[in-house]
Amino acid sequence: MTRPERGLPRCEDLVKTLRRSRTFRDLAPMECGIGWPVPIAVIQDGGPRVFARLPLFVLRPDPAGGADLFTPFATATLDWSTGRLVEYTDLRFKEPHRSRQEWAHPIGRFPHPAVEGLSNAAYRALRTRLFGLYDELFAAFSLGRQPDAATASEFRELLGRLLEPCLLPSYRRLAPHFSRQYLTGDHLPHEG
């Protein structure tokens, strides 16, 4: 694993390292956006392990400002302890029953209303804070624990603000347990 950039939360550094990797450049289109991580906590060989699943989606810049967002087409999963890419899943292949039209048209825009009025510096500060909270979640999960209530509450609030609303259904599909626990809003009937 590479050494984190000075001052960056580890999770933010892992995302930047993934983006710079040759594997990522070979698999993902140049205009690919990387979504917020989904923690995947498992028990392996009798101990807790944590992985970060990252939704990948097309992000088409608009010359007038902002960008069109598309449904995530793939996920990249990193081992939290090493930063190593352990899985790349092309959702268009994995879920062939889904119509190709699902990936052909924009589903939303960035910036979305909850962050539209923020300066670039203010948005980046909130983004870095959320990545810091991700670090706290991943650290707790890697010890087989839940994050403390204050961390979980701040995480829910900030993720709810920064996550693009158009991507929420994709997060619910990719990670129903995480969505029920950490994403606010109405849940689908099958999510319980």
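## The largest cavity

By class, three nonpolar, two polar and three charged residues line the largest cavity of this predicted model. Nonpolar here covers Ala, Val, Leu, Ile, Met, Phe, Trp, Tyr, Cys and Pro; charged covers Asp, Glu, Lys and Arg; the others, Gly among them, are polar. The lining residues are T71, P72, L91, E95, R98, S170, R173 and L174. Helix α6 (residues 168-174) supplies the largest share, three residues. The volume is about 40 Å³. The structure holds one cavity of 30 Å³ or more.

On a 1 Å grid over the protein atoms alone, a cavity is a set of points where a 1.4 Å probe fits but cannot get out; a pocket is an open set with protein on both sides within 12 Å along at least five of seven lines; lining residues have an atom within 4 Å of a point. Points join across faces, edges and corners, and volume is the space filled by probe spheres set on them. Helices (H or I, at least four residues) and strands (E, at least two) are DSSP runs, numbered from the N terminus.

Residues are numbered from 1 along each chain as its sequence is written. The model is predicted, so local features need pLDDT of at least 70 and side-chain atom pairs count only at pLDDT 80 or more, while totals for chains, interfaces and linings use all residues; side-chain values use heavy atoms, leaving out hydrogens and water.

The largest pocket holds about 520 Å³ of space. It has 17 lining residues, with R19, I34, L59, Y123 and R127 closest to its centre. α4 supplies the largest share, five residues. The lining counts nine nonpolar, three polar and five charged residues.

The second largest pocket has a volume of about 270 Å³. Of its 17 lining residues, P39, I40, A41, F141 and H177 lie nearest the centre. β2 gives the most, six residues. This lining has 12 nonpolar, four polar and one charged residue.

## Nonpolar core

The largest nonpolar core has 47 residues, and W36, Y134, F155 and L159 have the most contacts inside it. Such a core joins buried Ala, Val, Leu, Ile, Met, Phe, Trp, Tyr and Cys residues through side-chain atoms within 4.5 Å. α4 gives the most, eight residues.

## Cysteines

The structure holds zero disulfides (pairs of cysteine sulfur atoms within 2.5 Å). The sulfur of C166 lies 14 Å from the closest cysteine sulfur, in C32, too far for a bond.

Definitions and conventions
Buried means under 20% relative accessible area, exposed over 50%, partly exposed in between (1.4 Å probe, protein chains only).
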